[in-house]
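Colleague: Could you take me through this one? I'd like to talk about helix packing, then pockets, then rings.

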Amino acid sequence: MDRQHRHDLKHDKFVDEIGSLSVRARENQRLLLTIAAGVVVIALFAYGIYFYRSNREKQAQDALATAIDTIESPLIPATLQPGQTLPPNAKFKTDAERIAAAEPQFKAVSAKFDGTDASDVASLYLARISASRGDVTGARKLLEEFVSSHKDNVLVGSARYSLYQLRIDTGEAQQVATELNAELSKAEPVLPNDAILSLLAHSYEAQGDAAKSRDTYRRIATEFPDSPYVLEAQRRAGAA
């Protein structure tokens, strides 16, 4: 094989290798472009979900704020004293009128924005409305549903407290007292100990045991001087 032929063969092999590398480079480039496009699509999709949820939560919070403004708006006084002005935002003459206006607003938040924090708060307001009307069954159902499905929610403590109160006031004081005493013995009770003691004192009072009620209220004042229940406990300890 002469020198020129060998040179041509090497040249052809070199050209083939360069061509093969070029093909692989183009294939890798297409793969990289595909991956990059996929990452962009995923990022846009994730942002779209985040934006949708954020926007939905904001709409829910706005609707909730409107409902809260309604149920907490001041009532129009039956008569105005000389020099007395109408309270700002006063729209309703009676509490029944105010509740009748607020209830559908809370229901709309709960139904339209299910799964949002605002919807959770709305369900607690609806439980309060049911209780204020004497609908104990409806209020209890709403509270029990909230507690069972929102165990990690920041508001679950308030819901549990309200549920215990409701049960005490509807004839389950003795059973609730047993449950609360069991919670007090736990390392991690379902409610703070001062809240449990407040409920326990109420349950003893509902059973007609004034001595136990008074002693329990005193425990709050003694063991938890910074508790939000302490002022009421001190007052009840003297009256129980």
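Modeller: Contact here means heavy atoms within 4.5 Å, and helices are DSSP runs of H or I with at least four residues, numbered from the N terminus. This is a predicted model, where local features need pLDDT of at least 70 and side-chain atom pairs count only at pLDDT 80 or more, while totals for chains, interfaces and linings use all residues. Residues are numbered from 1 along each chain as its sequence is written, and side-chain values use heavy atoms, with hydrogens and water left out.

Colleague: Which residues in α4 meet α5?

Modeller: From α4 come V136, A139, R140, L143, E144, F146 and V147, and they meet V156, A159, R160, S162, L163, L166, R167, T170 and E172 in α5. The residues of that contact divide into nine nonpolar, two polar and five charged, where Ala, Val, Leu, Ile, Met, Phe, Trp, Tyr, Cys and Pro count as nonpolar, Asp, Glu, Lys and Arg as charged, and the others, Gly among them, as polar.

Colleague: And at what angle do the axes of α4 and α5 cross?

Modeller: Roughly 145°, with the axes of α4 (residues 136–149) and α5 (residues 156–184) coming within 9 Å; axes are lines fitted to C-alpha atoms over the stretch in contact, and angles run from 0 to 180 degrees between N-to-C directions.

Colleague: Switching to pockets: what volume does the largest pocket have?

Modeller: About 260 Å³. On a 1 Å grid over the protein atoms alone, a pocket is an open set of points where a 1.4 Å probe fits, with protein on both sides within 12 Å along at least five of seven lines, and lining residues have an atom within 4 Å of a point; the volume is the space filled by probe spheres set on the points, which are joined across faces, edges and corners.

Colleague: What lines the largest pocket?

Modeller: There are 13 lining residues, of which L124, A127, R128, L143 and S162 are the closest to the centre. The largest share, six residues, comes from α3, and the lining divides into nine nonpolar, three polar and one charged.

Colleague: How does the lining of the second largest pocket divide?

Modeller: Into three nonpolar, six polar and three charged, around about 160 Å³ of space, with D114, S123 and H150 among the lining residues.

Colleague: Last topic, how many aromatic pairs?

Modeller: Two, where Phe, Tyr and Trp (six-membered) rings pair if their centres lie within 6.5 Å, and planes under 30 degrees apart count as stacked, over 60 as edge-to-face and the rest as tilted. One of them is the stacked pair of F106 and Y125, at 4.7 Å centre to centre with 10° between the planes, which links helix α2 (residues 95–112) to helix α3 across 19 residues.

How values were computed:
Helices (H or I, at least four residues) and strands (E, at least two) are DSSP runs, numbered from the N terminus.
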